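Subject: Structure for you to look at

Hello,

Here is the structure I said I would pass on. My notes on what turned up in it follow below.

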Amino acid sequence: MRYEAPTTTKEAASLIAGEKGEAFVLAGGTDLLVRMKTGLSDPDLVVDIKHIPAMQDIKTTDSGTKIGGAVSGSRLNSNKKLKKAWPGVVEATNLIGSDQIQGRATMVGNLCNASPAADSVPAMIAAGAKAVVVGPTKRRTVPVEKIATGPGRTSLAKGEIIESINLPKRTGKSGDAYLRFIPRTEMDIAVVSAGVNLTLEKGLVKTARVCLGAVGPTAVLVQKAAKAIIGSKLDEESLKKMADACSAACNPISDKRGTVEYRTKVAGVLAKRAAKIAFERAGGK
Amino acid sequence: MTHDQSFTNQKFKLVGSRVNRPDGVDKVTGRAKYGADAAAPGQLVALFLRSPHAHAKIKKLDTSRAEKLAGVKAVITSADLPDHTNGAQLDVLENCMARDRVLYDGHAVAAVAAIDRETAKKALKLIKVSYEKLPHVTDVDEAMKSDAPLVRENIFTRGVDPKPTKPSNICKVSTFGHGDIEAGFNEADVIIEKSFKTEQTHQGYIEPHACLASVGPDGNGELWVTTQGHYTYRTVCSALLGMDMAKLKVTSSEIGGGFGGKTHVWIEPIALALSRKANRPVKAVMTRDEVFKASGPTCSTSMDIKIGAKKDGTITAGSAHIRYQDGAFRGQWGQLGAMTAFACYDLKNVQSVGYDVLVNRPKVAAYRAPSAPMAAFGVESTVDLVAKAIGMDPVALRIKNAAKEGTRASYGPTYGPIGIGPTLEAAKNHPHMRAKLKKNQGRGMACGFWFNFGGQTCSDINISADGTVNLTLGTVDVGGSRASMSLICAEELGIPYDQVKANIADTSSLGHNDTTEGSRGTFSSGMATIFAAREAIEEMKERAAQTWDIPVEEVEWVEGEARAVGKKNDNLPPLTLKEIAGRAAATGGPIAGHNEVVADGAGVSFASHICDVEVDPETGGTKIIRYTVIQDAGKAINPDYVEGQFQGGAAQGIGWALNEEYIYGDDGRLQNAGFLDYRIPVCSDLPFIDTEILEIPNPNHPYGIRGVGETSIVPPLAAIGNAVSNAAGVRMTHVPMSPPRILKAIEEAAEA
Amino acid sequence: MTGTLVNTTVNGDAVQFACPTDESLLDSLRDRIGLTGVKEGCGTGDCGACSITLDGELVCSCLVLGVEANGREIGTVEGLADGDKLHPLQDQFINNAALQCGICTPGFLVAAKALLDKNNNPTEEEIRYALAGNLCRCTGYDKIVRAVQAASKDLRKKK
């Protein structure tokens, strides 16, 4: 196995594009090293992106916040500004694994691993986040929901790397939240999860995005669920409508972590609870 | 010399105090050496090739390419191992290495030893196996059906009349009880009949199996290994490989948890065989995935419980039919379950029938009070249902029917003084019982029983010239026993605790000691230590008598010194242990005390647990709010570590009750062979676990000691089951009570 | 073995080792430089027995490549004590009987120290969540949490 630690994204992209065998990006390594240990992957090339300065940045500009691809969960957690603007996104990322995992795991790694149960992804999608994709020759910006195409599969071409995640600028009264259900209090993969992001105007929900995790091959953005609460004060009726829309949008499997029925039911429950938190965070009463 | 093991109500100076363990510093600095921490010059790395099938015939097994790979020093398949056909060890060997059939996902088919891990990994890939898949069965009830695929072709059910002529997966039926259950049920005002299921769990010790084996062509061998019983490993390994027992020195490393799972050999005989073939040391360490797939978890079970009672709470009859799977090899787990099921109660009419059933899963090994927690789940859940049906407080119902001294136990013997009544009274009076419950919270309690065990033990005490003492033990220290044995030794000799240095001997330095299992460590090693110390004291009295030139009858041993008794000896100042030790060379040589004993009379153990649980009715999620363990210890030598056993057993029981389970796919393969999806409790899952130690002396031990290690895992499944059922308003009958199972039960109840 | 040379700092000492590029830092620490206080319980980041600090950040060494340690600073359980003086956490783990088998203890100590370095007065809940990545199968965590509470008290007194 070849190990490379380039200092620019372009170089990293070229290395991967040029590798004939199996090539992997190494960010936090919390998925890749598990794959290697359990024999699921036997890479010919690993490209460590942690030496690329652009990958290590958290930058806030007029248009929003840019989070580098190699920024760990614990660094995200110590950024007070970001936590205030996007508490749901930060808490979703921080839910991944233990403090030990947080010392390494990254949002972009979580996204590119393309697990339907990835914690940070529904929160990012609800937030309207975009991924900056860098290839050997060009860059493009893609909505996060377009990255994963199925379990373990992404829309990235060989040699394309996500350099950063861009979160939009927060304006007015807004809030986001992410909840997942796990059997224990920590250390589990989400059985089902929900991210909700909303803005308020005159005490009513003006815009909303609701995204579910672990209920289909990829995270599911549920427009009907958002519609159900737009214009409301999150009264019981609109919440129930939203929960029903969530359950209706579920297309899960039964596996070792949960059943179809369980995921379908609890998706709605979590979306309701997350919406209430987001509403409160936005200053709603 | 024979010693009297009767309880004497001795007054203690040290025993019962909370002391720091002697191996503490080694363990907080990373210096302590566990199974995988040893290294030998020139050591090879061993890796195992394992079956990907639940059940298959090995049609062809070709290792030639692996053998030719540079750096590979030995390859072993069943063909390289001694033939034990029709021998007592055949099952053990076949589990370590499949012969012509693989019987479960993870069953070893070959092993290699190579100069490094990379080479060993490559070699495994070069081994070609062709399998012919066979039908498999992993569920205990399915396996009992007459048309189930046969796990083994040569098993005929024992314990049934007439003797069967056709093979079956049911290897044994065991029946216990007394009285007339039909008459008992006829007397009952209320009869509750219920079926229960529990899923398979693993001991979950954090340290994987690991060893360093070294065997030379002269037949001398050494094995460094993480084990609960290095003498047992020596016995089994030497028998399997045809080695002389005395020439195989087994050293127990520090053990990173066992809970019954390290009472049995897995990779060790193969590591020895590889070493013998390569004539080099071989290190073998299981991965976590291998631990789950190919060590010895406990059974999954299915059972039917029936209890009848009068309106006043008198239980008139109890019956249990319990079906336990033993994995792919015969065991006695169903039998043990049947024996323990009703052991807490004084019943006139009782019958329990245990079935031991083979399935295509790994060989079942002991797990802390093996078989008792599942039977207790069935019985104690049903007892709660009886209480509800007659409108009686569940603790009061248990107190009314509790076994006591003189009760004929459901499994046969008559009890001496026992602690079930006192633990129940303590539960009734515990502040936990009065703590306020909030919305969606429920309280449950249950009691539990374990036999405890004694067995072969020996211990040496050697007194150094400076008066410090070496205490040599052969019972592996799994949870702090070096501290308790040092306390006992210091107590008897009358010297400070820190002047005793306890050490676990290797198999060549001390006689046989049975495995640390059955909660026998403190009971039996404690006994041998007391007797060895008393022998050393007799010797020191002799030396003092000799020094003083008086008859030994005029010497007594008080507070660590020899004192001359009687008026005429008034002028003789006492001789301390240190002084006697200092003169040993001139008075007859080194001073030592020894004891070899078969420790009988291990007192049975009982516990009552109380648990509060909160259930989220929308998700089925659970949270343990409060947990209290009350258990009889006989005598707590080092209370810190007795509490530790209570808390640890409760925590394992909580995991089992709520989330832990082996999940097999339709293909018979284990789907969650890792700590990510085999969910043992994490720190944030649990509250502080309150403990209350009761001391009802065991009449058969000088200090009154009873084993404490196992009973604490018996009540939790039922206590939590009762609490969850009370919180959710629906009876839970399937363990683990995972969120999907709870939510489903709530929804079904709502629909009905 | 074809190895890559790695220059790193372990518990303050400069250390050099060679390892295959796909080797975990856990294996490098144990097998190349003999620091067997770092334990493997799972190798997949689920048990925390291999916890170390990497440039001060708490990580599982089984999820780091040995080659990634080049130029970095590693802290392990072997570096906790100051000469013959144990760290308050080590003292309190012994005093509180916070270990039974002891295999998880090194990981717990490293994780607990990482917590107390950031927060010298954590609540019970903060302790429990901070240690959720470290599995213990013997103790039910009761005495571990109490030991961390006692050590945090000691550390505050010292200041």
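In chain C, helix α2 (residues 88-95) and helix α5 (residues 142-158) have axes that come within 8 Å and cross at roughly 140°. That angle makes α2(C) oblique to α5(C), since oblique gives way to roughly antiparallel only over 145 degrees. The crossing of α2(C) past α5(C) is right-handed. On the α2(C) side, the contact is made by C:P88, C:L89, C:Q92 and C:F93. The α5(C) side contributes C:I144, C:A147, C:V148, C:A150, C:A151, C:D154, C:L155 and C:K158. By type, the residues of this contact are 9 nonpolar, 1 polar and 2 charged. Please keep in mind that this is a predicted model.

The other notes concern chain B. Helix α11 (residues 372-390) of chain B has 19 residues, which at 1.5 Å a residue should span 27 Å; its end C-alpha atoms are 27 Å apart, so the two agree. Of those 19 residues, 17 are buried, so α11(B) is largely enclosed by the rest of the structure. Just after α11(B) comes B:G391, with a positive phi of about 70°.

Helix α12 (residues 394-401) of chain B contains B:R398. Is B:R398 buried or exposed? With a relative accessible area of 0%, B:R398 is buried, because the cut-off for buried is under 20%. Apart from neighbours within four places in sequence, B:R398 is in contact with B:Y345, B:E380, B:V383, B:D384, B:L424, B:M445, B:A446, B:C447 and B:N722.

Regards

Technical notes. Residues numbered from 1 in each chain as written. Chains lettered and ligands numbered in written order. Predicted model: local features only at pLDDT ≥ 70, side-chain atom pairs only at ≥ 80, totals over all residues. Heavy atoms only, no water. Axes fitted to C-alpha atoms, helices over the stretch in contact; angles between N-to-C directions. Helix = DSSP H or I, 4+ residues; strand = E, 2+ residues; numbered from the N terminus. Parallel < 35°, antiparallel > 145°, perpendicular 65-115°, else oblique. Left-handed = near helix turned anticlockwise from the far one by under 90°. Contact = heavy atoms within 4.5 Å. Nonpolar A, V, L, I, M, F, W, Y, C, P; charged D, E, K, R; others polar. Expected span 1.5 Å × (residues − 1). Buried < 20%, exposed > 50% of the residue type's maximum accessible area, 1.4 Å probe, protein only.
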